[in-house]
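Please look over the sequence and the model, and then read on.

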Amino acid sequence: MAQTRATPAPPARTSCPVETTLQVIGGRWKVLILRELFQGVKRFGELQRSIRGVTQKMLTQQLREMEADGLIYREVYLQVPPKVEYSLTPLGASLKPIIDAMHIWGVNFGQAKPGNQ
């Protein structure tokens, strides 16, 4: 069992911490990947099946970026067939309160939206 750990990429210079956060977790799929990994360790196929609409190419790209940013671990098991598992690093897990707050906001927005009352 070999484990690879990426060194976080230096963040692009921004003047706003919110902008920095959006650069790291922005995009269509990263928050959904985080949502799945908050539930525990997942293999690539499990992630792809649980995130409707994501292509193999896009999921691979997003996982690589998240690994480079230090949000996830990619653990490769040396066996045949190859087995790769993804899990959150402590840095990635630290995003849970942010994602939970986004969930609550989305629920409240959906209930407050005109026509939904």
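Is glutamate 36 buried or exposed? In this predicted model, glutamate 36 is buried, with a relative accessible area of 7%.

## Overall architecture

The protein chain has 6 helices and 4 strands, and from the N terminus on these elements follow the order β-α-α-β-α-α-β-β-α-α. Of the 117 residues in the protein chain, 28% are buried, while the chain as a whole exposes about 7,900 Å², with carbon and sulfur atoms supplying 58% of that area.

Among contacts between residues at least 6 apart in sequence, 52% join residues that are at least 24 apart.

## Salt bridges

Side chains of opposite charge can pair when their charged atoms come close. A search of the whole structure finds 4 salt bridges, and one of them joins the side chains of lysine 30 and glutamate 65, at 2.8 Å from N to O. This pair links distant parts of the chain, since lysine 30 lies in helix H2 (residues 30–37) and glutamate 65 in helix H4 (residues 56–68), 35 residues apart. Lysine 30 is buried, with a relative accessible area of 4%, whereas glutamate 65 counts as partly exposed at 31%.

Glutamate 36 takes part in another salt bridge, in which its side chain meets that of arginine 35 at 2.9 Å, N to O; arginine 35 is partly exposed, with a relative accessible area of 36%. Glutamate 85 forms a salt bridge with lysine 83, where the closest N and O atoms are 3.6 Å apart, and glutamate 85 counts as buried at 17% relative accessibility.

How values were computed
Residues numbered from 1 in each chain as written. Predicted model: local features only at pLDDT ≥ 70, side-chain atom pairs only at ≥ 80, totals over all residues. Heavy atoms only, no water. Helix = DSSP H or I, 4+ residues; strand = E, 2+ residues; numbered from the N terminus. Buried < 20%, exposed > 50% of the residue type's maximum accessible area, 1.4 Å probe, protein only. Contact = heavy atoms within 4.5 Å. Areas by Shrake-Rupley, 256 points an atom, 1.4 Å probe, with all protein chains shown as cover.
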